[in-house]
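Hello,

Here is the structure I promised to pass on.

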Amino acid sequence: WVPKAYENEPIYVFETGGSTGLPKNRINIRDFHTDYELFSDSLSDEGFPRGGDWLMLGPTGPRRLRLAVEHLAQVRGGICFFVDMDPRWVNQLIRDGKMTELDAYKEHVTAQALKILRAHENVQCVFTTPKLLEALCEKVSLQKLGIRGIFCGGTEMDAQFNRFAREELIPGIEFVPTYGNTLMGLAHSRPYRPGDPYDIVYYPPLPRAVIDLVNPDNPSEAVGYGETGRVMLTTLTKEFFMPRFLERDEAERAAPIEEYPWDGVENLRLLTQL
């Protein structure tokens with residue numbers, strides 16, 4: 001699975017989340033660097049200042065996210081601090097109904113994050129998940145701690161949370177929703193401007209990845225704009241080719257915009273048929 005051109009390069013093995021089945025492995029060499037360098041170009045220097053340090057609060061584990069966010073921080077001239085959260089353990093606690101243990105684990109994770117934020121004054125940027133962001137904001141004002149930009153990922157991200165974050169959790173802090181995975185890379189969200197609707201639209205990183213929305217019962221049939229379909233992913237880079245892979249997600253097909261003149265996906269969520 002390693003292309004001959006890269007056979008003497010350091011090789012990474014990254015896993016998908018495994019939320020709905022056996023995790024899938026992907027060989028990776030440099031793609032995660034490229035993906036996050038391109039993503040860095042979309043971030044503003046006001047919200048994500050050059051030279052600012054980062055806190056990565058979320059799932060690191062066997063995925064590329066930990067290394068990728070660290071590379072993003074380095075590209076922008078900072079260093080990255082980590083607090084790991086194991087999503088497989090969280091899912092197991094939920095399945096077992098162990099809500100007391102789940103709350104204790106969340107408290108532990110957020111407490112570690114607060115120690116870093118209070119000890120390192122140059123941390124100005126954060127990556128986290130919606131639930132951990134909410135838990136953190138219950139304890140502290142991130143704006144008072146000097147946070148200027150947050151990018152936040154996960155299929156839990158929806159229009160309601162987008163509004164909640166911007167208006168109540170972190171007003172005055174730049175908020176960038178994102179969607180990515182081990183197979184695709186990192187999608188960009190439609191830029192938000194005051195007065196815009198809070199629906200989140202993601203655009204894949206063409207030409208490296210293309211998303212089609214298809215009929216779940218007939219993947220050869222594309223759905224129309226505004227219609228719901230299953231996400232079908234094709235990825236092609238110098239080191240990886242994955243054609244027409246049916247993801248575990250569904251969304252509505254979104255029209256191109258000026259910044260991203262190709263199809264996007266709106267209201268991304270887990271596939272209801274799972």
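**Charges over rings**

The charged end of R253 sits over the ring of Y225, 4.0 Å from its centre. To count, NZ of Lys or CZ of Arg must be within 6 Å of the ring centre and within 35 degrees of the ring normal. R66 likewise lies over the face of F82, 4.3 Å from the ring centre.

Before you read on: this is a predicted model, where local features need pLDDT of at least 70 and side-chain atom pairs pLDDT 80 or more, while totals for chains, interfaces and linings use all residues. Residues are numbered from 1 along each chain as its sequence is written, and side-chain values use heavy atoms, without hydrogens and water.

**Aromatic rings**

The whole structure holds 14 aromatic pairs (rings of Phe, Tyr and Trp, the last by its six-membered ring, with centres within 6.5 Å; planes under 30 degrees apart are stacked, over 60 edge-to-face, the rest tilted). Y36 and F39 make an edge-to-face pair, 6.3 Å centre to centre with 65° between the planes. Both lie in helix α1, three residues apart, about one turn of the helix (helices are DSSP runs of H or I, at least four residues, and strands runs of E, at least two, numbered from the N terminus). Y36 is buried, at 4% relative accessible area, and F39 is buried at 1% (buried is under 20%, exposed over 50%, partly exposed in between, with a 1.4 Å probe and protein chains only). The ring centres of F48 and W54 are 5.7 Å apart and their planes at 20°, so this pair is stacked. Y36, F39, F48, W54, F127 and F151 form one aromatic cluster.

Best wishes
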